[in-house]
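Thanks for coming. I have one structure to go through today, and I will start with a question once it is on the screen.

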Amino acid sequence: MEEIQFIEGKEVFSKVGIAFFLLLILTEIMGPLFYIVMEQSGIQEIVGKYHLDLFLTQMPMYLVAVPISIFVLKGLPAHGKPEEHSWKMSRLFACFCICIGTMYLGNIIGQALMTLIGVLKGGKSENLLENVVMDTNIWGILLIVVLIGPILEEYLCRKVLLDRINQYGQGISVLVSGLIFGLIHGNFYQFFYAFGLGAIFAYIYVKTGKWKYPVVFHILINFMGSVVPLFFIRRLETVLSDDMSKSLGEVVLSLLLLLPYAVMIIGLIITGIVLLFCFRKEIVFSKGSICIEKGKQFQMIFVNVGMILLFVTCGILFGISTIMS
């Protein structure tokens, strides 16, 4: 019986790998095609005029690749759908603080690694996606980064994925969801914090059965990590580009606005790290309805056609991203 479940498990995780392999391949193929169509139709010029270049880089994924990946995953039975439980606001706030701490720690690791790689390359590494975001207007970021992205990503990487693998145990579900979420970002700048956040979001979903919690967290985190910093950066750039004798008051006002926000973020980071350390023993994973012995779990999850395709593709994309940075 267990051997049959092991074979069936390999098929499930292979299909999971294929779904996200298609996500990456279709995104890479559709991206240039989408750009050519936009350029030929004249839409690219309009998009550039309104500083919406991020639209051209992300829409092929959200309009084509994500729906196809969802379709592939939905071919698997949803036997692992978690039971629904509500959490108190205090517990949700504690998880949110842990998310903030994880995000900034992961970001520091990614930045440090890419800085080291830049030094070894004899130059300076540059986050190309961050540059695109910096050139996009705030309304575009709100639409793509803060709304469309979190909703579709959480539906795919948490709701659809976890409903189909959670029967193999919550620990496996959290690990696979977090790892895949980190990998599909396609670069070392984002991998570490995306992996950490993906694992936390997955943990929240398998414990509560409510994907609205991760969605709200994802929206808030993307807002705090993109819109708010960009607002302050552009405000200071505008002020400093003016006559300093006339804009000194604006500089002071901008700094006065920035200071409490910075203090709040530092407070959330420290609180999150402390909470994670204090409550680490309470983080437990329930076994699933299908139990595979530990010696075979790695083979079931990762040693299959779909997952191998996914990891090879991610390795290539990470390599290209590192070289181009």
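Leaving aside its neighbours within four places in sequence, which residues is Thr 102 in contact with? Keep in mind that this is a predicted model. The residues in contact with Thr 102, with those sequence neighbours left out, are Tyr 193, Gly 196, Leu 197 and Ile 200. Thr 102 itself belongs to helix 4, residues 89–121. Its relative accessibility is 17%, and the cut-off for buried is under 20%, so Thr 102 counts as buried.

Now the overall layout. The protein chain has 12 helices and zero strands. Of its 325 residues, 48% are buried. If you take contacts between residues at least 6 apart in sequence, 83% of them join residues at least 24 apart.

Next, a glycine. Gly 178 is in helix 7, which covers residues 170–183. Gly 178 has a relative accessible area of 0% and is therefore buried. What does Gly 178 touch, leaving aside its neighbours within four places in sequence? The answer is Ala 194, Phe 195, Gly 198 and Ala 199. For Phe 195, the separation from Gly 178 is 17 residues in sequence and 4.7 Å in space, C-alpha to C-alpha.

In total the structure holds 10 aromatic pairs. One of them is Tyr 203 with Phe 285, an edge-to-face pair with 5.8 Å between centres and 90° between the planes. This pair links distant parts of the chain, 82 residues apart: Tyr 203 is in helix 8, residues 188–208, while Phe 285 is in the loop between helix 10 (244–278) and helix 11 (294–302). The two partners also have their own burial classes. Tyr 203 is buried, because its relative accessible area is 13%, and Phe 285 counts as partly exposed because its relative accessibility is 43%.

Two arginines sit over rings. Arg 158 lies over the face of Phe 181, 4.5 Å from the ring centre. Arg 280 has its charged end over the ring of Phe 277, at 4.3 Å from the centre.

The largest nonpolar core has 81 residues, and the members touching the most others are Phe 13, Val 16, Phe 20, Leu 73 and Ile 180. Helix 8 supplies the largest share of this core, 12 residues. There is also a second, separate core of six residues, including Ile 141, Val 146, Ile 219 and Val 227. Beyond its neighbours within four places in sequence, Phe 20 is in contact with Leu 73, Leu 156, Cys 157, Leu 161, Ile 180, Ile 184 and Leu 310.

How do helix 1 and helix 12 pack, in angle and in distance between axes? Helix 1, residues 2–41, and helix 12, residues 305–324, pack at an angle of about 30°, and their axes are 6 Å apart. The crossing of helix 1 past helix 12 is left-handed. Among the residues making the contact are Phe 13, Val 16, Gly 17 and Phe 20 of helix 1, and Gly 306, Leu 310, Thr 313 and Leu 317 of helix 12.

Conventions. Residues numbered from 1 in each chain as written. Predicted model: local features only at pLDDT ≥ 70, side-chain atom pairs only at ≥ 80, totals over all residues. Heavy atoms only, no water. Phe/Tyr/Trp six-rings, centres within 6.5 Å; stacked < 30°, edge-to-face > 60°. Helix = DSSP H or I, 4+ residues; strand = E, 2+ residues; numbered from the N terminus. Buried < 20%, exposed > 50% of the residue type's maximum accessible area, 1.4 Å probe, protein only. Lys NZ or Arg CZ within 6 Å of the ring centre and 35° of its normal. Core = buried A, V, L, I, M, F, W, Y, C linked by side-chain atoms within 4.5 Å. Contact = heavy atoms within 4.5 Å. Axes fitted to C-alpha atoms, helices over the stretch in contact; angles between N-to-C directions. Left-handed = near helix turned anticlockwise from the far one by under 90°.
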